[in-house]
Amino acid sequence: MSYLYLLPISVYLLFQVTFLGTYIAAIVQGHVVPAIPYISDAATYSPESCVFGQLINMGCILLGIVVYVRFRQICVLCEYHADLRDSTWKLNSRALWVGFGSCLGISIVANFQETNVRVVHLCGAFLCFGLGTVYFWMQAVISYYIQPYVGTMFKAHIRLFLSVVCTIFFVVVAVTGVISHILFRGEDPRKWYPSDGGWKYHVASSISEWVVATTFCFYILTFTDEFRSLSLEHPTLRIIEYEILVENDNVVNSQAHSPPVPSTPPPTPRNVILL
């Protein structure tokens, strides 16, 4: 596969279209108010929740592939450059599992709606945003280590900046979200009005969530140029039973076509003298 650079672009477009499309569909259906709801609130009720879950699951698979390709890229660089092996090998291995954990959290958020399984939904959100932010910090550090072999210093600065933005707004989402729900006095959090209490904190929390989600997408998009120089071959598939049969046939054929082993020559007769 030689078009690996399309993976980050696909993740970016799929997530952005899903977020905006779900928001528009929820407003048209009357399930949320237009005043900037949470992304998960817009995807709470069907039919938009069904489409949201399906598209996000597809995005999680693509995102997991991006995380794995990035991991393999750093592994290959460590093989060619011994100075990177000590500085980035362990960090790269840990970043792989942190990235997979973030992908799992995104899938949990999409499939366990807040109104149905609230605790599981919040745990998924923590995995998604929390581990995702940690993964971005790891990749920002790795981006500085792999200079000047891959990427540019400007791109490393961009990733560092996006990591800072994710960290700040993730904290804002958590703090203002808790405060807003404590002050909420309305009937349905999906239809939050200024008279329901905690309005300002709710707006700050929902806007911060949209900022974090958008920053996530832009961060993944920064891998596009680096993936252009990568090529991934198809994995090798082995059928063990067939290999055993082939080996046995080769042994039989080699024995059948091998030259006969010469027998031991008879002893040379001695000269006999007749008297």
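Biologist: How many nonpolar, polar and charged residues does the lining of the second largest cavity have?
Modeller: This is a predicted model, where local features need pLDDT of at least 70, side-chain atom pairs count only at pLDDT 80 or more, and totals for chains, interfaces and linings use all residues. Residues are numbered from 1 along each chain as its sequence is written, and side-chain values use heavy atoms, without hydrogens and water. On a 1 Å grid over the protein atoms alone, a cavity is a set of points where a 1.4 Å probe fits but cannot get out, and lining residues have an atom within 4 Å of a point. With Ala, Val, Leu, Ile, Met, Phe, Trp, Tyr, Cys and Pro as nonpolar, Asp, Glu, Lys and Arg as charged, and the others, Gly among them, as polar, the lining has 6 nonpolar, 1 polar and 2 charged residues.

Biologist: What is the volume of the largest pocket?
Modeller: A pocket is an open set of grid points with protein on both sides within 12 Å along at least five of seven lines. Points are joined across faces, edges and corners, and the volume is the space filled by probe spheres set on them, which for the largest pocket is about 790 Å³.

Biologist: Which element gives the largest share of the lining of the largest pocket?
Modeller: Among the 38 lining residues, Ala125, Phe126, Phe129, Val173 and Glu209 are the closest to the centre of the largest pocket. Helices here are DSSP runs (H or I, at least four residues), numbered from the N terminus, and the largest share, 10 residues, comes from α5.

Terms used:
Helix = DSSP H or I, 4+ residues; strand = E, 2+ residues; numbered from the N terminus.
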